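This briefing is meant for someone opening the structure for the first time. Please keep the sequence and the 3D view at hand while reading.

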Amino acid sequence: MASALINVPPRAKRGEIVEIKTLISHVMETGFRRTQVGAVIPRNIIRRFVCSYNGAEVFSADLHPAISANPFIVFSTIATESGTLAFEWTGDNGFSVKETAAITVE
Amino acid sequence: MRRLLIALGLLALAASAFAGEIALSDRRSGYELMGRELRAMQDDDTANPGMLWVLEGAALWKRPTGAASRACVDCHGEAAVSMKGVAAHHPAFDAAKQRPVSLDQRINNCRVDRQQAPPLAYESRELLALGAYVARQSRGLPIAVTIDDRMRPFLDAGHAIYERRQGQLNLACSQCHDDNWGRQLAGNLIPQAHPTGYPLYRLEWQSLGSLQRRLRGCLTGIRAEAYDYGAPELVDLELYLMWRARGMTMDAPAVRP
Amino acid sequence: MERRAFLKVAGGVAAGLGLTGIVTVKPARATPAEMQEAIRAVVGSARITPGKVKLELPPLIENGNAVPLTVTVDSPMTEAEHVRVVHVFTEKNPQPYVVSFHLGPRAGRARVSTRMRLADSQNVVAVCQLSDGSLWSDSAAVVVTLAACLEDGI
């Protein structure tokens with residue numbers, strides 16, 4: 001039941017640099033913690049984040065256990081044309097979340 | 001009018017009876033003790049991890065549930081209107097239970113009585129999400145729990161717990177939070193312990209959590225037996241803390257280290 | 001079995017097996033040398049010059065579980081001259097990798113923010129690669145009051 005919070009300006013001028021903020025709920029279990037009886041809690045993290053703009057990849061990140069729980073990533077892209085920004089997070093245990101946001105470019 | 005006068009009289013008595021407290025004008029939220037980066041994290045709704053729970057709460061608000069197949073929105077309408085100020089007034093007196101109840105308990109009462117759904121477990125993701133969503137609607141409002149003659153005994157009980165030495169370390173809440181706030185304890189600044197921001201995202205938990213989770217953590221920390229979630233002692237203590245923070249501004253969901 | 005007798009037997013067995021004393025589990029920890037190895041494993045053996053990339057971290061953070069981090073690279077971000085990738089590493093976390101951000105001319109600006117975990121007060125290093133293949137780095141020191149990564153889960 002993962003929720004993602006995405007912040008994209010709904011409209012922008014052609015050529016303008018827009019800032020995109022993404023926040024996704026995920027425990028990002030490092031694999032280094034132990035339970036009270038000493039058993040290792042297995043690693044369970046998001047490993048990759050990709051942002052595509054009308055199908056073309058414009059930003060991506062490879063994440064390791066050192067990224068905090070509920071990963072927060074802020075990046076930018078040039079507003080080239082109206083369309084859809086697609087966000088995809090994938091990780092351990094088949095984790096996969098896709099979200100989209102529309103952008104109108106004048 | 002008579003009730004109002006009685007209530008004001010009791011409040012005045014209450015103010016003078018609890019000497020040794022922090023003066024009202026000296027009260028500071030834990031927000032003010034944090035560094036610049038954490039304050040920025042709290043202030044930005046697009047960056048505050050607590051907002052993930054608020055988002056989920058907003059979705060749950062609209063979801064029909066229980067044998068009655070009813071959603072919160074069906075009775076309460078838009079939360080921004082109907083829930084405005086609600087979190088700032090809790091714990092509040094519940095006539096059926098003849099004692100104050102916390103916001104989490106009020107939400108569960110609704111689920112059981114109106115939605116005919118089983119109560120949500122304390123500290124479950126859904127209860128935290130609904131609690132965060134409702135508390136968010138009180139952001140910017142002053143804490144204002146009502147203390148009348150029905151509530152007074154519970155306020156006194158909560159205050160007694162706050163002042164009582166407990167646990168193997170034999171510490172009372174007041175010793176850290178009234179007498180030593182602003183000083184360091186194991187590298188961390190001791191806050192005055194005002195619950196203005198609950199439920200909040202605590203970096204130590206890497207998750208959103210309730211005031212009761214924090215209280216239980218503190219009790220465990222002084223090596224006392226922590227009361228169970230929903231125990232009357234915790235609700236009475238919550239009531240006292242909210243009364244102690246009366247007039248301070250709600251800022252849920254807050255971020256704390 | 002009588003209690004005293006039981007303890008005596010157990011003590012004898014334990015001593016025999018060398019099990020007296022407390023067993024501690026030491027958590028894994030990277031070292032600055034391991035961080036250098038990790039950097040080389042990722043970017044190869046070419047020369048890394050300090051400069052162009054700027055790593056912003058708070059000098060002191062109350063809790064190492066969510067330390068805000070921003071990397072900025074001084075680059076026009078054109079098709080001809082842009083940042084390809086920025087890697088972040090730590091010296092003393094259990095393992096040295098943090099994140100790699102893949103940029104490109106469509107980014108407009110080479111500026112990315114995230115939140116990371118720090119297991120101890122330590123140095124954090126950012127290495128970026130430009131479109132011409134050159135490598136640039138920056139490092140920042142953070143004091144962490146409460147460490148991440150190594151506290152027990154519930």
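The model is a predicted one, in which local features need pLDDT of at least 70 and side-chain atom pairs count only at pLDDT 80 or more, while totals for chains, interfaces and linings use all residues. Residues are numbered from 1 along each chain as its sequence is written, and chains are lettered from A and ligands numbered from 1 in the order in which they are written.

**Chain B as a whole**

- Chain B has eleven helices and seven strands, where helices (H or I, at least four residues) and strands (E, at least two) are DSSP runs numbered from the N terminus.
- Its radius of gyration, taken over C-alpha atoms, is 18 Å, close to the 18 Å given for 257 residues by the globule rule, so chain B is as compact as a globular protein of that length; the rule itself is 2.2 Å times the number of residues to the power 0.38.
- Along its principal axes, the C-alpha trace of chain B spans about 50 × 50 × 35 Å.
- Among contacts in chain B with a separation of 6 or more, 73% are between residues 24 or more positions apart, a contact being two residues whose C-beta atoms, placed from the backbone, lie within 7 Å.
- The pLDDT, which is the predictor's confidence in each residue from 0 to 100, averages 92 over chain B, and 92% of the residues score at least 70.
- Over residues 9-17 of chain B, however, the pLDDT is below 50, and this stretch has five contacts in the model beyond near neighbours in sequence. Where pLDDT is low, the predicted coordinates should not be read in detail.

**Inside chain B**

- Asn48(B) lies in the loop between α2 (36-43) and α3 (50-61) of chain B, and it is buried, with 22 other C-beta atoms within 10 Å.
- Not counting residues up to four places away in sequence, Asn48(B) touches Met41(B), Gln42(B), Tyr201(B), Pro253(B) and Val255(B).
- The C-alpha atoms of Asn48(B) and Leu215(B), which are 167 residues apart along the chain, are separated by 23 Å.
- Helix α6 (residues 103-113) of chain B has as its buried residues Leu103(B), Asp104(B), Gln105(B), Ile107(B), Asn108(B) and Arg111(B), and these pack against β2 (99-101) and α7 (125-136) of chain B.

**The largest nonpolar core**

- A nonpolar core is a set of buried Ala, Val, Leu, Ile, Met, Phe, Trp, Tyr and Cys residues joined through C-beta atoms within 7 Å; the largest one here has 115 residues, and those with the most contacts inside it are Ala132(B), Val86(C) and Ala126(C).
- Leaving aside neighbours within four places in sequence, the contacts of Ala132(B) include Gly50(B), Trp53(B), Pro199(B), Leu208(B) and Pro253(B).

**Strands of chain A**

- Strand β4 (residues 46-53) of chain A is joined by seven bridges to strand β7 (residues 83-91) of chain A, and the two run antiparallel; strands count as paired if DSSP finds at least two bridges between them.
- Within this pairing, Ile46(A) has Gly91(A) in β7(A) as its bridge partner.
- β7(A) also pairs in the antiparallel sense with strand β8 (residues 95-105) of chain A, over nine bridges, and there the bridge partner of Thr84(A) is Ala102(A).
- β7(A) and β8(A) form a hairpin with three residues between them, and Asn93(A) in the turn has a positive phi of about 55°.

**Chain C and the contacts between chains**

- Chain C has two helices and nine strands, and 39% of its 154 residues count as buried.
- Across the boundary between chains C and A, 31 residues of chain C are in contact with 28 residues of chain A.
- On the side of chain C that touches chain A, β6 (97-102) and β7 (111-116) of chain C each supply at least two residues.
- Two bridges join strand β6 (residues 72-78) of chain A to β7(C), in an antiparallel run, and the partner of Val74(A) in β7(C) is Ser113(C).
- Between chains A and B, nine residues of chain A are in contact with eight residues of chain B, and β1 (4-7) and β3 (17-24) of chain A each supply at least two residues of the side of chain A that touches chain B.

Note on methods
Buried ≥ 20, exposed ≤ 12 C-beta atoms within 10 Å, placed from the backbone.
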